[in-house]
Amino acid sequence: MITNLGGKAEASEDSLTVYGTGLTGGTVDAVNDHRIAMSAAVASTVCKHDVIILGAECVQKSYPKFWEEFSRLGGSYEQYLR
């Protein structure tokens, strides 16, 4: 997700290093994982360009009002149905 949004991250067997290079935007596939979708949404608030989250509806399984709350807290989104 970080690299898809223009950042730099390195993973090994037992660690994850995320570098503070900034995020630009891009496309993230949530792969039906609500945690990825929600973290990509939060990351979008600091991106210079749009963030597209494929499968963003998966947040329904753990936080049905996520998009409503995200908007209430200042995030913006548009929903496109496939």
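Guide: Start with a term: buried means under 20% relative accessible area, exposed over 50%, and partly exposed in between (1.4 Å probe, protein chains only). At 14% relative accessibility, tryptophan 67 counts as buried.

Visitor: Where do these values come from?

Guide: This is a predicted model, in which local features need pLDDT of at least 70 and side-chain atom pairs count only at pLDDT 80 or more, while totals for chains, interfaces and linings use all residues. Residues are numbered from 1 along each chain as its sequence is written, and side-chain values use heavy atoms, with hydrogens and water left out.

Visitor: OK. How many residues are in the largest nonpolar core?

Guide: The largest nonpolar core has 18 residues. Such a core is a set of buried Ala, Val, Leu, Ile, Met, Phe, Trp, Tyr and Cys residues joined through side-chain atoms within 4.5 Å. Those with the most contacts inside it are Leu5, Ala37, Ala41, Ile53, Val59, Phe66 and Trp67.

Visitor: Which elements give two or more residues to this core?

Guide: They are α1 (34-44), β4 (51-54) and α2 (66-72). Of these, α1 gives the most, with five residues. Helices (H or I, at least four residues) and strands (E, at least two) are DSSP runs, numbered from the N terminus.

Visitor: What is isoleucine 53 in contact with?

Guide: Leaving aside neighbours within four places in sequence, isoleucine 53 is in contact (heavy atoms within 4.5 Å) with Val28, Ala30, Ala37, Ala40, Ala41 and Trp67.

Visitor: Switching to rings. How many aromatic pairs are there?

Guide: The structure holds five. Rings of Phe, Tyr and Trp (its six-membered ring) pair if their centres lie within 6.5 Å; planes under 30 degrees apart count as stacked, over 60 as edge-to-face and the rest as tilted. Tyrosine 63 and phenylalanine 66 are edge-to-face, because their planes are at 75°, with the ring centres 5.6 Å apart.

Visitor: Is phenylalanine 66 buried or exposed?

Guide: Phenylalanine 66 is buried, at 8% relative accessibility, whereas tyrosine 63 is partly exposed at 35%.

Visitor: And what about tryptophan 67 and tyrosine 77?

Guide: Their ring centres are 5.3 Å apart and their planes at 45°, so that pair is tilted. The pair links distant parts of the chain, ten residues apart: tryptophan 67 is in helix α2, and tyrosine 77 is in the segment after α2.

Visitor: Last one. How do β3 and β4 run?

Guide: Strand β3 (residues 26-29) and β4 run parallel, joined by four bridges. Two strands pair if DSSP finds at least two bridges between them. Glycine 26 stands opposite valine 51 in β4.
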